[in-house]
Amino acid sequence: MAAALAVAERGRGRTAPNPNVGCVIVRQGRVVGRGWTQPGGRPHAEAMALAQAGDAARGATAYVTLEPCAHESPRGPACADLLVGAGVARVVAALRDPDPRTDGTGLARLQDAGIQVDSGILAAEARRSMAGFLTRQALGRPLVTLKLATSLDGCIALASGESKWITGPQARAHAHLERARHDAILVGRGTFLADSPKLDVRLPGLEDRAPRRILLSATGPTPPGWERIADMGDVRGLRAVDHLMVEGGASAASAFLRADMVDRLLLYRAPILIGGGKAAIEAFGLATLSEAHDRWRLTDSRLLGSDRFEVYERN
């Protein structure tokens, strides 16, 4: 299942509105097929893995990070039916699919066909892997990640506005990798006018993974190659966006925090002090200090060059 989760990450940020699923097929201790959801959501991971396995899938075990779909679609067959037709002996699923068109039906169809079914394996890891899809299913909006690159004293720029570069090259490269894992990336108009950001992915081999560019602005023109939303509520209507990164600036960050729409924090912190610079976020409506506690839990921390990188997820 860990291998299935690993290949699932190859599709993250490219599969919406479908989840980024991974599938590994094993027969007699040997991997005979592997697949992950392709860009745009099709083919599904199971279809890719079964095509690679061919006849070797008969009698094998399929490890899949999400319950195989059970509904017919003009875009392709139901994966539960594909697994039955391939003659697999066992299916191990990490999570049940919350999509009401499947939601338990896929596992039941496999069991009815005499296939052994196990579920709940590495479920927490699978929820993190498919957090965008699951958030869309539960809340009707994408998973929102707020990315901040700051000094030790919480500044994103000098008072003059100079901000290139707060962090070093390793941290900036990692931030580009995170961009490649998101469907869309958002900035406010102030950041757009001040920095003219490209918001592309400047990593060899991943240049084509640049996310869609979203401008948060109630007024003004929509720049060529961009999409514009007027407020946070419009995030719900973004088509095929399950993973949204908010990258700048302080007003946009505070607006999403004020609306309680930040699910994940990426914090890149450089070992520098600025003093009197521009703060990373503005006031976002906390009435008491106690409200600030117990909102976030640390899930990752590491050094990137001389910079500290931390990931926080909301409780």
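Arg179 has contacts well beyond its sequence neighbours. Leaving aside residues within four places in sequence, Arg179 is in contact with Ile185, Leu199, Asp200, Val201, Arg202, Arg209, Pro211, Met245 and Glu247. The model is predicted.

**Arg179**
- Arg179 sits in helix α7, which spans residues 169-180.
- Its relative accessibility is 9%, so Arg179 counts as buried, since buried means under 20%.

**The annotated binding site**
- An unreviewed UniProt entry places the feature "binding site" at Ser163, Arg179, Arg202 and Glu247.
- Ser163, Arg179, Arg202 and Glu247 are part of the lining of the largest pocket.

**Arg202**
- Arg202 is found in a loop, between α8 (189-195) and β9 (212-216).
- Is Arg202 buried or partly exposed? At 47% relative accessibility, Arg202 counts as partly exposed.
- Not counting residues up to four places away in sequence, Arg202 touches His176 and Arg179.

**Helix α2**
- Helix α2 covers residues 45-53, and its residues Ala45, Glu46, Ala49, Leu50 and Ala53 are buried.
- Why do the buried residues of α2 line one face of the helix? Seen down the axis, they fall within an arc of 120°, so they line one face.
- An α-helix has 3.6 residues a turn, so residues three or four places apart point the same way.
- The cover over the buried residues of α2 includes β1 (22-27), β2 (30-36), β3 (61-64) and α3 (79-86).

Notes:
Residues numbered from 1 in each chain as written. Predicted model: local features only at pLDDT ≥ 70, side-chain atom pairs only at ≥ 80, totals over all residues. Heavy atoms only, no water. UniProt positions renumbered as here; feature names shortened; annotations may be inferred. 1 Å grid on protein atoms, 1.4 Å probe; cavity = no way out; pocket = protein on both sides within 12 Å on 5 of 7 lines; lining within 4 Å. Helix = DSSP H or I, 4+ residues; strand = E, 2+ residues; numbered from the N terminus. Buried < 20%, exposed > 50% of the residue type's maximum accessible area, 1.4 Å probe, protein only. Contact = heavy atoms within 4.5 Å. Arc of directions from axis to C-beta.
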